[in-house]
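Dear colleague,

I am handing over the structure we spoke about, and my notes on what was found in it follow directly below. Please read them alongside the coordinates.

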Amino acid sequence: MKDQSNKLSSMTVGLHWLLALAMIGMLAFGLILEDMAKGETKSFLMWWHKGLGVAVLAFALWRLGWRLTQGFPVPMSKVPAWQEITAKITHWFLLLGTLFMPLSGIAMSLGKNRPIDVFGLFAIPAFGENEFLHEAGEVIHGLGGNLLIAAIILHVVGAVKHRIVDNDGTMERMAGREVPNRQTA
Ligand code: HEM
Ligand code: HEM
């Protein structure tokens, strides 16, 4: 089923919540890893972080493809232009974040000549040390992660505002429910 203005497809809803939980979990996971001392436990957790991160990338690519064919959900109510623009930029940044976080993590590892084992199913092979790739990955992973946390907070504040102030069905629609026709037309 395609997205409609009064009901989103189960693909949109399912991918949104899967990636939302995965991204929040992976951001927390990464921040914990960052503070851990080197050792066997950290290496083991790093193996999980990398494998899960590559899995997130697969779902994020799927979601990007789906969004490009469907467009973003249309707004449920008329809000000031600056809010609509902020929401649009935030949605794009969140969507791209699900791609640039795993990609920068992969760049960080490959740049250090470390292959990435994905749960023993397959491995992304390393091709030699590349300091630029490693450093670019590190900056994007670190800075991008922090910017993404800020964007998620803004996004959740916006969602709560739609629920409490506008009470316009935006949240209910992303919960998969059919809502009365939007008030923007
Ligand atoms: C748990 C907190 C979250 C809540 C309550 C929430 C809620 C929502 C709602 C209500 C919409 C629909 C907006 C509209 O109709 O205009 C939406 C869309 C969206 N959200 Fe979230 N969200 C959360 C977490 C996240 C996270 C962590 C990400 C990504 C890192 C994310 C990415 C997106 C994107 C890209 C859209 C646009 C539609 C889509 O591609 O699915 N959200 N969110
Ligand atoms: C959804 C995907 C991912 C998210 C949200 C995420 C998030 C994070 C965050 C917030 C950090 C801590 C900040 C930093 O040190 O840069 C981190 C660290 C790290 N991540 Fe990721 N990551 C993801 C995927 C990956 C992938 C796919 C790889 C590699 C294949 C990777 C490799 C690393 C490495 C090597 C560190 C550094 C740990 C340390 O400080 O020693 N990440 N990640």
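Setting aside neighbours within four places in sequence, glycine 53 is in contact with Met26, Pro102 and Gly105, where contact requires the C-beta atoms of two residues, placed from the backbone, to lie within 7 Å. Glycine 53 belongs to helix α2, helices being DSSP runs of H or I with at least four residues and strands being runs of E with at least two, both numbered from the N terminus. Glycine 53 counts as buried because 23 other C-beta atoms lie within 10 Å; the term buried asks for 20 or more other C-beta atoms within 10 Å of a residue's own, exposed means 12 or fewer, and partly exposed covers what is in between, with C-beta atoms placed from the backbone. Glycine 53 and leucine 27 are separated by 26 residues in sequence, and their C-alpha atoms are 10 Å apart.

A word on conventions: this is a predicted model, in which local features need pLDDT of at least 70 and side-chain atom pairs count only at pLDDT 80 or more, while totals for chains, interfaces and linings use all residues. Residues are numbered from 1 along each chain as its sequence is written, and chains are lettered from A and ligands numbered from 1 in the order in which they are written.

As for the chain overall, the protein has five helices and two strands, which run α-α-α-β-β-α-α from the N terminus on. The C-alpha trace spans about 55 × 30 × 30 Å along its principal axes, and 18% of the 185 residues count as buried. Among contacts in the chain with a separation of 6 or more, 69% are between residues 24 or more positions apart.

To return to α2, this helix has 31 residues and reaches 45 Å from its first C-alpha to its last, close to the 45 Å expected at 1.5 Å a residue, the expected span being 1.5 Å times one less than the number of residues. Its buried residues are Lys50, Gly53, Val54, Val56, Ala60 and Arg63, and they pack against α1, α3 and β1. After α2 comes glycine 71, whose phi is positive, near 75 degrees.

The largest nonpolar core consists of five residues, Leu19, Met23, Met26, Val56 and Ala60, a nonpolar core being a set of buried Ala, Val, Leu, Ile, Met, Phe, Trp, Tyr and Cys residues joined through C-beta atoms within 7 Å. Both α1 and α2 supply at least two residues of this core, and α1 gives the most, with three.

Helix α3 bends by about 30 degrees at glycine 97, the bend being the angle between axes fitted to the seven residues ending there and the seven starting there. The buried residues of α3 include Gly97, Phe100, Pro102 and Gly105, and among the elements that cover the buried residues of this helix are α1, α2, β1 (116-118), β2 (122-124) and α4.

Both ligands may interest you. Of the 22 residues around ligand 2, those that come nearest are Met26, Gly30, Gly53, Gly105 and Gly145, a residue being near if its C-beta atom, placed from the backbone, lies within 6 Å. The elements giving two or more residues to this shell are α1 (10-34), α2 (40-70), α3 (81-111) and α4 (131-166), and α1 gives the most, with seven. The shell around ligand 2 divides into twelve nonpolar, eight polar and two charged residues, where Ala, Val, Leu, Ile, Met, Phe, Trp, Tyr, Cys and Pro count as nonpolar, Asp, Glu, Lys and Arg as charged, and the others, Gly among them, as polar.

Around ligand 1 there are 23 residues, of which His16, Ala20, Pro73, Leu94 and Met174 come nearest. Here α1, α3, α4 and α5 (170-174) each give two or more residues, and the largest share, six residues, comes from α1. This shell around ligand 1 divides into 14 nonpolar, seven polar and two charged residues.

Finally, some backbone angles deserve a look. Most residues other than glycine have a negative phi. Phenylalanine 119, in the loop between β1 and β2, has a positive phi of about 55 degrees. Asparagine 167, in the loop between α4 and α5, has a positive phi near 45 degrees.

With best regards
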